[in-house]
Amino acid sequence: MSYSSYETLIVERRGPVGWLINNRPRQLNAMSSRMRDEFATAWTELDADPAVKVIVHTGEGRAFQTGVDMTELATDGLGMERYRESVEKLDLHFTAWHQKVRKPVIAAVNGLCAGGGFHFVADADIVLASTDAQFFDPHVSAGQVVAFENIALLRKMPFEPVMRMALVGRFERMSAQRAYELGMVSELVEPERLRERAGELAETVARNSPAAMAATKRALWGALESGLTDACRNGADELVSVWGHPDQTEGPQAFVEKREPRWVELAPQTPPVGE
């Protein structure tokens, strides 16, 4: 499968791993309006590629992602107004969660992660970070409101440190070690090994059943939306959804025969009626 041409991103596949790399290093990978639009396409293309089993998201240069491009906001005459309708309607399309990506997503946070960069940390399935990564949220220091990304982070980590980041703004940075202690990230890696380790982990995850992983993502992310009983009921639906799937037979058979399973590729997504 060939991918679109991108101005602000690098999108490629290496073996079973799709790579989405933020590529505005001179701007610390701040998100311009072009990058915002390209994210929507990139996630969709990687999710649709049958050869991609897992997606790794990282950044070029010394930053992972530093939120919206403040220079563009201040100079192009449109500012935040360009995003008003999508925000008011909660019609966002720039993260894996927004785009309903079915495949596992690993965020590999290199260096700075600030403001809107937390969207991608909060919406990833697994998060690694370099030992020199730093996290901070400058929204209120620039007269902006902290909302979506940190609300999502509250599903992953305690309330008080999220609120502290939101209110202290650009005047304090959280270290990678502290982010690890609080559960924002699950593994710290030396900077020079971050991509290598992310690729290794992705290849490990890619050995599992695509159908089972997709159903698992739906069950666990869905559990964040509801109470315990409803979450378990929905989880039961996902569990049953793979009964009769070829992978359910292939897994035990491969175990008995002491070989790698031959999993079935994910079926293409069916667009909603009317699209």
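Strands S5 and S7 run parallel and are joined by four bridges. Two strands count as paired if DSSP finds at least two bridges between them. Helices (H or I, at least four residues) and strands (E, at least two) are DSSP runs, numbered from the N terminus. In S7, the bridge partner of Ile106 is Ile126.

This is a predicted model, in which local features need pLDDT of at least 70, side-chain atom pairs count only at pLDDT 80 or more, and totals for chains, interfaces and linings use all residues. Residues are numbered from 1 along each chain as its sequence is written, and side-chain values use heavy atoms, with hydrogens and water left out.

Leu128 has Glu187 as its bridge partner in S10. Four of the five residues of S7 are buried, so the strand is largely enclosed by the rest of the structure. Buried means under 20% relative accessible area, exposed over 50%, and partly exposed in between (1.4 Å probe, protein chains only).

Both pairings belong to an open sheet of six strands, in the order S1-S2-S3-S5-S7-S10, with mixed pairing. Strand S1 (9–14) and strand S10 (187–189) stand at the edges with a single partner strand each, so one side of each has no neighbour in the sheet. From one strand to the next, the twist averages 20°. Angles run from 0 to 180 degrees between N-to-C directions, and axes are lines fitted to C-alpha atoms, for helices over the stretch in contact.

S1 and strand S2 (residues 17–22) run antiparallel, joined by six bridges. Val11 has Leu20 as its bridge partner in S2.

Two bridges join strand S8 (residues 134–136) to S9, and the two run antiparallel.

Here are bridge partners from both sheets.

| Residue | Bridge partner | Partner strand |
|---|---|---|
| Val11 | Leu20 | S2 |
| Ile106 | Ile126 | S7 |
| Leu128 | Glu187 | S10 |
| Gln134 | Ser175 | S9 |

**Helix H1 and the cores**

Helix H1 (residues 33–48) lies across S1, S2, S3 and strand S5 (105–109), running at about 175° to S2. A nonpolar core is a set of buried Ala, Val, Leu, Ile, Met, Phe, Trp, Tyr and Cys residues joined through side-chain atoms within 4.5 Å. The largest one has 40 residues; Phe39, Trp43, Val109, Phe135, Leu153 and Met184 touch the most other members. H1 gives the largest share of this core, five residues. Apart from it lies another core of 16 residues, including Ala108 and Leu128.

Contact means heavy atoms within 4.5 Å. Leaving out residues up to four places away in sequence, Trp43 touches Leu20, Ile55 and Phe120, among others.

**Two contrasting residues**

Thr58 lies in strand S3 (residues 54–59). At 0% relative accessibility, Thr58 counts as buried. Its side chain makes a polar contact of 3.2 Å with that of Asn110. A polar contact is a pair of N or O atoms within 3.5 Å; within protein, one must be able to donate a hydrogen and the other to accept it, and residues adjacent in sequence count only if both atoms are side-chain atoms.

Glu225 sits in the loop between helix H9 (210–223) and helix H10 (228–241). With 61% relative accessibility, Glu225 counts as exposed.
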